[in-house]
Amino acid sequence: MIESQILFVMGVSGSGKSTIGQLLADKLNIPFFDGDSFHPEANVKKMSEGKPLNDDDRQGWLERLNEIALNNLSTGAVIVCSALKEKYRTILGHNLEGQYKIIYLNGSFELINKRLNERKNHFMPKGLLQSQFNTLEVPTEALTISIDQTPSEIVTEITKKL
């Protein structure tokens with residue numbers, strides 16, 4: 001891995017972004033940021049009402065995550081967020097050319113739906129999962145990792161491929 005690289009861990013809700021991201025940051029000894037923590041209250045409210053976010057809802061949120069990335073270039077960081085569209089990933093990577101990598105956690109609808117059924121106390125209802133799959137533009141320039149293994153195995157695979 002390049003020194004002070006920003007790692008954006010992306011995927012649909014339920015793909016394990018927060019779990020994998022935290023484990024990866026711990027293993028690499030770099031800061032961890034959960035993108036969900038930076039959603040404005042209006043976005044959280046909208047999702048909790050079962051309404052999907054639109055591009056305008058996400059714009060400021062993505063710009064804030066890009067700002068966090070820029071502020072952590074000296075140490076590197078793991079930042080987790082859905083980043084389902086290419087244009088979202090472009091916003092995340094603004095002014096970071098060559099200093100970031102996208103890690104895409106890939107899993108089937110069935111597997112992720114099962115995980116969401118077991119997840120408690122998350123503001124995004126599982127009913128929005130299909131809208132996330134419908135929105136997903138699979139990244140072509142990313143480290144794609146299958147989530148059909150344990151979190152520890154996933155982190156090991158990521159670190160070997162970095």
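Author: Asn 117 sits in helix H5, which covers residues 109-118. This is a predicted model. Asn 117 counts as partly exposed, because its relative accessibility is 40%. Gly 14 is 103 residues from Asn 117 in sequence. In space, the two are 9.4 Å apart, C-alpha to C-alpha.

In general, strands of a sheet pair through backbone hydrogen bonds, either parallel or antiparallel.

S2 and S3 run parallel and are joined by 3 bridges. Here Phe 32 stands opposite Val 78 in S3.

Glu 63 counts as partly exposed, because its relative accessibility is 42%. Leu 92 is 29 residues from Glu 63 in sequence. C-alpha to C-alpha, Glu 63 and Leu 92 are 6.7 Å apart in space.

Next comes S1, residues 6-10. How many of its residues are buried? The count is 5 of 5, so S1 is mostly covered. Ile 6, Phe 8 and Met 10 point one way from the strand. Leu 7 and Val 9 point the other way. All of these residues are buried.

Strand S3 covers residues 77-80. S1 and S3 run parallel, joined by 4 bridges. In S3, Ile 79 is the bridge partner of Phe 8. S1 and S4 also pair in the parallel sense, over 5 bridges. In S4, Tyr 100 is the bridge partner of Ile 6.

Gln 5 counts as buried, because its relative accessibility is 6%. Setting aside residues up to four places away in sequence, Gln 5 touches Gly 76, Ala 77, Gln 99, Tyr 100 and Lys 101. Two names here have come up before. Ala 77 belongs to the S3 range, residues 77-80. Tyr 100 is the S4 bridge partner of Ile 6.

S4 spans residues 100-106 and pairs with S5 in the parallel sense. That pairing has 4 bridges. In S5, Thr 144 is the bridge partner of Tyr 104.

Now a helix pair. In general, two packed helices are described by the angle between their axes and the distance between the axes. H1 covers residues 17-28, and H7 covers residues 151-161. They pack at an angle of about 55°, with their axes 10 Å apart. That makes H1 oblique to H7. The crossing of the two is right-handed.

Which residues of H1 meet H7? They are Thr 19, Ile 20, Leu 23, Leu 24, Lys 27 and Leu 28. From H7 come Pro 151, Ile 154, Val 155, Thr 156, Ile 158 and Thr 159. By class, this contact has 8 nonpolar, 3 polar and 1 charged residues.

Two loop residues are left. Asn 29 lies in the loop between H1 and S2. Asn 29 has a positive phi of about 55°, although it is not a glycine. Is Asn 29 buried or exposed? Asn 29 is exposed, with a relative accessible area of 71%. Asn 95 lies in the loop between helix H4 (86-92) and S4. Asn 95 has a positive phi of about 65° and is not a glycine either. At 44% relative accessibility, Asn 95 counts as partly exposed.

Technical notes
Residues are numbered from 1 along each chain as its sequence is written. This is a predicted model: local features need pLDDT of at least 70, side-chain atom pairs count only at pLDDT 80 or more; totals for chains, interfaces and linings use all residues. Side-chain values use heavy atoms; hydrogens and water are left out. Axes are lines fitted to C-alpha atoms, for helices over the stretch in contact, and angles run from 0 to 180 degrees between N-to-C directions. Angles under 35 degrees count as roughly parallel, over 145 as roughly antiparallel, 65 to 115 as roughly perpendicular and the rest as oblique. A crossing is left-handed if the near helix is turned anticlockwise from the far one by less than a right angle, and right-handed if clockwise. Contact means heavy atoms within 4.5 Å. Ala, Val, Leu, Ile, Met, Phe, Trp, Tyr, Cys and Pro count as nonpolar, Asp, Glu, Lys and Arg as charged, and the others, Gly among them, as polar. Two strands pair if DSSP finds at least two bridges between them. Buried means under 20% relative accessible area, exposed over 50%, partly exposed in between (1.4 Å probe, protein chains only).
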